[in-house]
Amino acid sequence: MPSGRKLAAILAADVVGFSRLAGLDEERTLARLRTLRSDLVDPTIQVHGGRVVKRTGDGAIVEFRSAVDAVRCAIEIQTAMVERNAGVPEDRRIEFRIGIHIGDVVEETDGDLMGDGVNIAARLEGVAAPGSVCLSEDAYRQVRSRIDFALVDLGETRLKNIADPVRIYGLDTSGRRQPSPPPQTPALPGLPNRPSIAVLPFANMSNDPEQDYFAQGIAEDIITGLSRFKRLFVIARNSSFSYKGRAVNLGDIGRELGVRYVLEGSVRKSGSRLRITAQLVEAATGVHLWADRFDGELADVFDLQDQVTSRVVATIAPRLEHAEMDRVLQKPTESLDAYDHFLRGLSAFHRFSSEANTEALESFRKAGALDPGYACAHGMAARCYGQRRGFGWTGAPATERLEALRLARLATALGSDDAVALAAAGFAFLIFGEIEDGASQIERAQELNPNLAWAKHMGALAEVLLGRPERAIELASEAMRLSPQDPQAFGTKGMMGLANYCAGRFAEAYRWSESSLGERPNFFVSACVSAAAAAMMGAEAERDRALGRLLAARPGIRLADAAGWLDFRSPEHRQLWRDGLKAAGLPD
């Protein structure tokens, strides 16, 4: 008979992939687990006033007086395990998952506990990531202001055999207060060893708010012009434009992006007249190095942009040769109408949705029709087709593939010295199966413009497909440094996950893909990597959760579809990809 009900903080813990570890070496695994219990787990529980209610094979149910005691105990165990696992091969590490809930329990006469309080804690442990702690909302409320570690809201989750969804929180034991960035990504990047600059979005000073696309297009063109200088370090558009509409100190921007200089300005377009104002600031000191106004006819737009670019370069890198200046200051088109459609296309493209992508494609195609020699317009149209297939926004019928490849070939023929055109075309080649052509065009784009972050991101994909995952990791890391505040960083993180998977580092692949999915939950590549990596690690709960997310993102997908989606040139990587997806449970 039960002796009564009470409120208790319950900690549930078990070993990730214990069956797999025991299968590899049962005797040694059991000996290591006994040592961990006697040297670490049980003494830590005792220090924090916990009581082991029962052992569950490789796990335990523990009662605490308060959620704070339970969480502090969990933090101490998990941080100690990081040190214990240092130097141990990933496939041999013992890692704990821990779930914590505070709720009503029934205490039996023998001291056992039963009820929802125990059941929810056990289910939370099942959805926790390896080496992490997962809290219910009830436990979170008790500890949120009383521990010095980051707590991340993971949203409402349906737990097995629990009637109502439970809001859950992840506890990051690797850093203090603010969640730590993913591995290999510095929290605050240092200054590079060459002149470095970020161009903020320009203010639209026209009377028409709809001209905002034009002001942002001018700023983006200036970024492109500056980034062609190989001896400058220029932050990517996506990161610098993430500050649009935010009141942020320029010194903070310099520190967050890791640059010495910041350029800000405005654009006023009135009839056929155009005025661009710009000022260059040393971020750390706030000192204005120069400010100027550039007036002219709309037809002079490219000359005005070149004047701004030249003034910036002359100020921050005066030793650049005139030959280099002449090479990079190029007029992309003679048609102002084509240029206007191109800027409208860029504005839509960066909104990053199926509808916006279609709008961008139409604008780029109009620009290419008005100026058939406009390489960038053709390249970006091809990139839109590639993006439609990559994100499942279309079935990519054969006719669409042929049109994308036609545009890509046209862009490379017309824009042999245009990094944007080559990189965009190269992406379309990759997505539609022309891997070698795509890789060569993207490599050429990187040579022309070493600051083009998305070219490095695409280069990472090319290197993975060609069987060179270590080089892919290098390029993805460079892309993240060039765009450290990128709202679309999920893509680069996804490439880090894919590359690490092909390199056989499954735990690292899982962490990167989960970070990617945290920003875009339906990103197909990362959903596949997460499921496959978890399966290869033997982490059953993570595998099941990742598979459920993958099937939700692509209902009805079969193993053959997912296995054939990426065209790996390496037979070893092709087999590894298929094996992981099969082990994850994708149906044949």
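# Side-chain contacts and strand pairing in a predicted model

In this predicted model, the charged end of Lys-269 is placed over the ring of Phe-214, at 4.5 Å from the ring's centre. Lys-269 also takes part in a salt bridge with Asp-340, where the closest N and O atoms are 3.8 Å apart. Because Asp-340 belongs to helix α10 and Lys-269 to strand β12 (residues 261–270), this pair ties together parts that are 71 residues apart in sequence.

**Charged side chains**

- The structure holds 39 salt bridges, among them the one between Glu-220 and Arg-237, whose closest N and O atoms lie 3.4 Å apart.
- Since Glu-220 is in helix α5 (residues 212–227) and Arg-237 in helix α6 (residues 237–240), the pair ties together parts that are 17 residues apart in sequence, and both Glu-220 and Arg-237 are buried.
- Asp-340, the partner of Lys-269, has a relative accessible area of 15% and is therefore buried, the limit being under 20%.
- Glu-470 and Arg-505 meet through their side chains in a salt bridge of 3.0 Å, N to O, which links distant parts of the chain, with Glu-470 in helix α17 (residues 469–482) and Arg-505, 35 residues apart from it, in the loop between α18 (489–502) and α19 (506–519).
- Glu-470 is partly exposed, with a relative accessible area of 42%, and Arg-505 also counts as partly exposed, at 29% relative accessibility.
- A network of salt bridges links Lys-6, Arg-51, Glu-63 and Glu-107.
- Arg-311 lies over the face of Trp-290, at 4.7 Å from the ring centre.

**Aromatic pairs**

- A search of the whole structure finds 17 aromatic pairs, including that of Phe-342 and Phe-364, which is tilted because the planes of the two rings stand at 50°, with the centres 5.4 Å apart.
- Phe-342 is in helix α10 (residues 336–349) and Phe-364 in helix α11 (residues 354–370), so the pair ties together parts that are 22 residues apart in sequence; both Phe-342 and Phe-364 are buried.
- Phe-568 and Trp-577 form an edge-to-face aromatic pair, with 5.8 Å from centre to centre and 65° between the planes, and both Phe-568 and Trp-577 are buried.
- Ring pairs link Phe-352, Phe-391, Trp-393, Phe-490 and Phe-523 into a cluster.
- Within that cluster, Phe-352 is found in the loop between α10 and α11, and this residue is buried, with a relative accessible area of 12%.
- Although Phe-352 is not a glycine, its phi is positive, at about 55°; most residues other than glycine have a negative phi.

**Strand β4 and its partners**

- Strand β4 (residues 96–108) has 10 of its 13 residues buried, so this strand is largely enclosed by the rest of the structure.
- Strands β4 and β6 (residues 133–136) pair in the parallel sense over 3 bridges, and Cys-134 in β6 is the bridge partner of Gly-99.
- Strands β4 and β5 (residues 113–114) pair in the antiparallel sense over 2 bridges, and Leu-113 in β5 is the bridge partner of Glu-107, a residue that also belongs to the salt-bridge network with Lys-6, Arg-51 and Glu-63.
- The hairpin formed by β4 and β5 has 4 residues between the strands, and Gly-111 in the turn has a positive phi of about 95°.

**Helix α15**

- At 1.5 Å a residue, the 14 residues of helix α15 (residues 435–448) should span 20 Å, which agrees with the 20 Å between the helix's end C-alpha atoms.
- The buried residues of α15 are Ile-435, Gly-438, Ala-439, Gln-441, Ile-442, Ala-445, Gln-446 and Leu-448.

Technical notes:
Residues are numbered from 1 along each chain as its sequence is written. This is a predicted model: local features need pLDDT of at least 70, side-chain atom pairs count only at pLDDT 80 or more; totals for chains, interfaces and linings use all residues. Side-chain values use heavy atoms; hydrogens and water are left out. The expected span of a helix is 1.5 Å times one less than its number of residues. Buried means under 20% relative accessible area, exposed over 50%, partly exposed in between (1.4 Å probe, protein chains only). Rings of Phe, Tyr and Trp (its six-membered ring) pair if their centres lie within 6.5 Å; planes under 30 degrees apart count as stacked, over 60 as edge-to-face and the rest as tilted. A charge sits over a ring if NZ of Lys or CZ of Arg is within 6 Å of the ring centre and within 35 degrees of the ring normal. Two strands pair if DSSP finds at least two bridges between them. A salt bridge is a side-chain nitrogen of Lys or Arg within 4 Å of a carboxyl oxygen of Asp or Glu.
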